[in-house]
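Below is a brief report on aromatic contacts and nonpolar cores. Please keep the sequence at hand while reading.

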Amino acid sequence: QVQLVESGGGSVQAGGSLRLSCAASARTFSTYVIGWWRQASGKEREFVTSISRTGGVTYYADSVKGRFTISRDNAKSTVYLQMNSLKPEDTAVYYCAKGYAMGPQGGYDDWGQGTQVTVSS
């Protein structure tokens with residue numbers, strides 16, 4: 001089991017930026033796809049983005065394409081989510097998760113505890 005810890009959430013005005021981090025405990029970090037998901041209050045968890053094992057391939061939900069950028073540093077066992085041009089509808093708890101394939105059907109099985117992002121208009 002891989003322990004994942006998110007950080008970097010907070011409150012920001014619309015149009016602002018935040019960078020989330022997902023730090024992993026496992027030495028095998030580089031062998032996993034990592035994804036970011038989010039869950040707004042009263043809604044189902046939705047897929048945001050994922051990154052391949054080497055970081056060379058990324059996949060984004062249409063709702064964040066062009067505004068969010070995922071990256072990873074395997075030497076630090078950390079994945080980042082740079083979020084720009086934030087909108088109120090981006091408000092949610094953001095989770096990172098370990099997976100086995102790109103995209104929302106990646107078989108994610110270990111999850112972090114989440115970090116709250118709040119975007120005010």
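The charged end of Lys98 sits over the ring of Tyr32, 4.5 Å from the ring centre. For a charge to sit over a ring, NZ of Lys or CZ of Arg must be within 6 Å of the ring centre and within 35 degrees of the ring normal. Arg45 lies over the face of Tyr95, 4.0 Å from the centre of that ring.

The model is predicted: local features need pLDDT of at least 70, side-chain atom pairs count only at pLDDT 80 or more, and totals for chains, interfaces and linings use all residues. Numbering starts from 1 along each chain as its sequence is written, and side-chain values use heavy atoms, with hydrogens and water left out.

How many aromatic pairs does a search of the whole structure find? There are six. Rings of Phe, Tyr and Trp (its six-membered ring) pair if their centres lie within 6.5 Å; planes under 30 degrees apart count as stacked, over 60 as edge-to-face and the rest as tilted. Two of the pairs include Phe47:

| Pair | Geometry | Centre to centre | Angle between planes |
|---|---|---|---|
| Trp37 and Phe47 | edge-to-face | 5.4 Å | 80° |
| Phe47 and Tyr59 | edge-to-face | 5.5 Å | 75° |

Trp37 is in strand E4 (residues 33-39) and Phe47 in strand E5 (residues 46-51), so their pair ties together parts ten residues apart in sequence. Strands are DSSP runs of E, at least two residues long, numbered from the N terminus. Tyr59 belongs to strand E6 (residues 58-60), twelve residues from Phe47.

Buried means under 20% relative accessible area, exposed over 50%, and partly exposed in between (1.4 Å probe, protein chains only). Trp37 is buried at 11%. Phe47 is buried at 10%. Tyr59 is partly exposed at 39%.

The largest nonpolar core has 28 residues. Such a core is a set of buried Ala, Val, Leu, Ile, Met, Phe, Trp, Tyr and Cys residues joined through side-chain atoms within 4.5 Å. Trp36, Phe68, Val79, Leu81, Met83 and Tyr94 touch the most other members. Elements giving two or more residues include strand E7 (68-73), strand E8 (78-83) and strand E9 (92-99). E3 gives the most, with four residues. Another core, of six residues, lies apart from it, and Trp37 and Phe47 are among its members.
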